[in-house]
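Student: I have a model open and would like to learn how to read it. Can we go through it feature by feature?

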Amino acid sequence: MAVPQLIVVSLRGSGTPLLARITSALGYTPYGTMNDFQDDGDDRPGPGEVSPLLRAAYGQDEAGRLLSGQRDHLEELETAFQKAVNALWRVWWTRLGQPVTAASPVDAGLEGRLARVPDADLPRLLPGRGCWYVNSLDLERADAGFLRAWHATARPPIVYHHRDVRDRIVEQIRLLSQPCGHVGSMPEHLVYRDIVSALPTMDARITLALTDPGFPGMREARRCQWLLRHPAVCVLTHEDLAGPAEARDRALYRLLAATGHPDPAAALATLPGPRNGELPVGGWREHFSPDHERLLHQHHGDLLTPPQPHGAEAPRSIRSTSPS
């Protein structure tokens, strides 16, 4: 049976929408950095998901009152459940070491009670099948209890998705060169959008990205190197997902094995591929000069030769029967 929750660490500029379409096809609702990606659908809680969360958030007595089945409590029950879900998502986001805004509509009392839920129990309270997308998973920022629980159980599974650092730099520059209303709301993006826009050429922008230690995505990539080496992490690259059929099938099989999918061969035939012109592999060659290559090796040589992806290997029967 497929796991109900999945964590994807996808470095910025790595082609995350392609992976989000794949996890969505597997039945996972994207949250976190890909929250806006999800299609409108049936978001009603499933069987057995309401009571445990209400009891954790409001206590036994209040949850019992809300769940009493009285008709005049139905609207109150729906509101209480949604408030608990919002608080739970914020607690989970915080445990993943992700930035939050101090001013938030989340009920502080609910957040405080749910923050005291044991780390091993917290994922079981999350409703539905969720895929939590984050740009990084920094060992110094993520909650220590969460990391201990994951170390002991390897649950939820963690997928690390990355791409050639040069292509990521070009994609980040492209995103930061857009009009102000299209760069998102992350503070570092807003700041670096102004910096990048003030530079006159692509050459100057690449030089900035290679020499400025605060350029978005570079520090995150370095902090995430442990994910490439941990045997319990499923490693995927954009080059594989957007590449030849055999490499793509091997990568997808690792993902299906990590999620515990009961029928990988059947699933492979249904998963979407890259769209025409979507984040081509090796596009950096049009923009990088020999001087850029020198700066890259000087400042970021450790990001150029990551270990090979690891995880379950696809049986030959799956590789040979998968569509090209």
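**Reading the model**

Tutor: Start with one residue. Thr-237 is buried, with a relative accessible area of 10%. Buried means under 20% relative accessible area, exposed means over 50%, and partly exposed lies in between, with a 1.4 Å probe and protein chains only. This is a predicted model: local features need pLDDT of at least 70, side-chain atom pairs count only at pLDDT 80 or more, and totals for chains, interfaces and linings use all residues. Residues are numbered from 1 along each chain as its sequence is written, and side-chain values use heavy atoms, with hydrogens and water left out.

Student: Where does Thr-237 lie, and what does its side chain reach?

Tutor: Thr-237 lies in strand 5. Its side chain reaches the backbone nitrogen of Asp-240 at 3.0 Å. A polar contact is a pair of N or O atoms within 3.5 Å; within protein, one must be able to donate a hydrogen and the other to accept it, and residues adjacent in sequence count only if both atoms are side-chain atoms.

Student: How many helices and strands does the protein chain have?

Tutor: The chain has 17 helices and five strands. Helices (H or I, at least four residues) and strands (E, at least two) are DSSP runs, numbered from the N terminus. Of the 324 residues in the chain, 46% are buried.

Student: How do I read a sheet?

Tutor: Strands of a sheet pair through backbone hydrogen bonds, either parallel or antiparallel. Two strands count as paired if DSSP finds at least two bridges between them. Here five strands form an open sheet in the order 2-3-1-4-5, with parallel pairing. At the edges are strand 2 (29-32) and strand 5 (234-237), each pairing on one side only. From one strand to the next, the twist averages 25 degrees. Axes are lines fitted to C-alpha atoms, for helices over the stretch in contact, and angles run from 0 to 180 degrees between N-to-C directions.

Student: Which helix packs on the sheet?

Tutor: Helix 4 (residues 74-95) does, touching strand 1 (5-10), strand 2 and strand 3. Its direction makes about 45 degrees with that of strand 3. Contact means heavy atoms within 4.5 Å.

Student: Which residues pair across the strands?

Tutor: Strand 2 and strand 3 (residues 130-134) pair over four bridges, and Thr-29 has Gly-130 as its bridge partner in strand 3. Four bridges also join strand 1 to strand 4. There, Ser-10 stands opposite His-161. Strand 4 pairs with strand 5 over four bridges too, and His-161 stands opposite Leu-236.

Student: Which way do the side chains of strand 4 point?

Tutor: In a regular strand the side chains alternate between the two faces of the sheet. From strand 4, Ile-158, Tyr-160 and His-162 point one way, and Val-159 and His-161 the other way. Five of the five residues of strand 4 (residues 158-162) are buried.

Student: What does Thr-16 touch?

Tutor: Thr-16 is found in helix 1 (residues 16-25) and is buried, at 11% relative accessible area. Its side chain makes a polar contact of 2.7 Å with that of Ser-10. Leaving aside neighbours within four places in sequence, Thr-16 is in contact with Ser-10, Leu-11, Met-34, Tyr-133 and His-161.

Student: How do helix 8 and helix 9 cross?

Tutor: The axes of helix 8 (residues 165-176) and helix 9 (residues 187-197) come within 9 Å and cross at roughly 90 degrees. That makes helix 8 roughly perpendicular to helix 9. Angles under 35 degrees count as roughly parallel, over 145 as roughly antiparallel, 65 to 115 as roughly perpendicular and the rest as oblique. Helix 8 brings Gln-172, Ile-173 and Leu-176 to the contact; helix 9 brings His-189, Tyr-192, Arg-193, Val-196 and Ser-197.

Student: And Ile-169?

Tutor: Ile-169 lies in helix 8 and is buried, at 1% relative accessibility. Not counting residues up to four places away in sequence, Ile-169 touches Ala-209, Leu-210, Met-218 and Phe-288.
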